[in-house]
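Hi everyone, thanks for making time for this.

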Amino acid sequence: MPGTVIIHTDGACRGNPGVGGWGALLTFGEREKTLYGAEPRTTNNRMELLAAIEALSALRQACRVELYTDSRYLRDGVMRWMEAWKRKNWKTSQRKPVKNRDLWERLDRLVGRHDITWHWVKAHAGNAGNERADRLANRAIDELL
């Protein structure tokens, strides 16, 4: 497996649901890549998931990844809940359908390709990578509007 890729992701929404955007900053050594996109009617959680999906999809080969997110929903979903959801045919512990199943399934396929360490960072607390991902997500919204 090649060196480590550092990924910072963020999602944003103006209204929830509302116009949403996602952003990702990928760093490998001295190289950087930025990605962002938007949807006209979505939720913040969907944008958080889509940021991670798009960032991991951009990797051309299996990698070690350090992924930083300010979304507990994303981090806890991957690290604590997803395996149980899959065992229960994508149902929660209350036997309700998992929200955003389509995105969780996409993310699950990508997670299996890489060696990922998931990190949670506090939003808007001065983490440079998180701040850049947030700006990308908001740029995507601005460009859509």
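Let me begin with a question: is the crossing of α1 and α3 left-handed or right-handed? The crossing is left-handed, a word used when the near helix is turned anticlockwise from the far one by less than a right angle, with right-handed for clockwise.

Before going on, some ground rules. This is a predicted model, where local features need pLDDT of at least 70 and side-chain atom pairs count only at pLDDT 80 or more, while totals for chains, interfaces and linings use all residues. Residues are numbered from 1 along each chain as its sequence is written, and side-chain values use heavy atoms, with hydrogens and water left out. Helices (H or I, at least four residues) and strands (E, at least two) are DSSP runs, numbered from the N terminus.

Back to that helix pair. Two packed helices are described by the angle between their axes and the distance between the axes. For α1 and α3, which spans residues 101-111, the axes come within 10 Å and cross at roughly 30 degrees. Axes here are lines fitted to C-alpha atoms, for helices over the stretch in contact, and angles run from 0 to 180 degrees between N-to-C directions. The two helices are therefore roughly parallel to each other; that label covers angles under 35 degrees, with over 145 called roughly antiparallel, 65 to 115 roughly perpendicular and the rest oblique.

Who makes the contact, meaning heavy atoms within 4.5 Å? On the α1 side the residues include Leu 49, Leu 50, Ile 53 and Leu 56, and on the α3 side they include Leu 103, Trp 104, Leu 107 and Leu 110. By class, this contact has 9 nonpolar, 1 polar and 4 charged residues. For the classes, Ala, Val, Leu, Ile, Met, Phe, Trp, Tyr, Cys and Pro count as nonpolar, Asp, Glu, Lys and Arg as charged, and the others, Gly among them, as polar.

Helix α3 has another partner. Helix α2 (residues 72-87) packs against α3 at an angle of about 90 degrees, with the axes 11 Å apart. That makes α2 roughly perpendicular to α3. Here Trp 104, Leu 107 and Asp 108 of α3 meet a group in α2 that includes Tyr 73, Leu 74, Val 78, Met 82 and Trp 85.

How many strands form it, and in what order? There are 5 strands in an open sheet, ordered β3-β2-β1-β4-β5, with mixed pairing. Two strands pair if DSSP finds at least two bridges between them. The edge strands, each pairing on one side only, are β3 (31-42) and β5 (115-120). From one strand to the next, the twist averages 20 degrees.

Let's follow the chain through the hairpins. Strands β1 and β2 run antiparallel and are joined by 10 bridges, with Arg 14 opposite Val 19 in β2. They form a hairpin with 2 residues between them. In the loop between β1 and β2 sits Pro 17, and a cis peptide bond joins Asn 16 to Pro 17, with omega about 15 degrees.

Strand β2 (residues 18-28) then pairs with β3, again antiparallel, over 10 bridges. Gly 18 stands opposite Thr 42, and Phe 28 has Arg 31 as its bridge partner. This hairpin also has 2 residues between its strands, and Gly 29 in the turn has a positive phi of about 60 degrees. As for β2 itself, 10 of its 11 residues are buried, so it is largely enclosed by the rest of the structure. Buried means under 20% relative accessible area, exposed over 50%, and partly exposed in between (1.4 Å probe, protein chains only).

Helix α1 (residues 44-57) lies across β1, β2, β3, β4 and β5, running at about 155 degrees to β1. Helix α4 (residues 128-144) lies across β1, β2 and β3, at about 45 degrees to β1.

Last stop: the loop between α2 and α3. Arg 95 is found there, with a positive phi of about 65 degrees although it is not a glycine. Arg 95 is exposed, at 74% relative accessible area. Asn 100 lies in that loop too, and its phi is also positive, near 65 degrees, but Asn 100 is buried at 15%. Thr 92, in the loop as well, counts as buried at 18%. Leaving aside neighbours within four places in sequence, Thr 92 is in contact with Trp 85, Pro 97 and Val 98.

How values were computed: Contact = heavy atoms within 4.5 Å.
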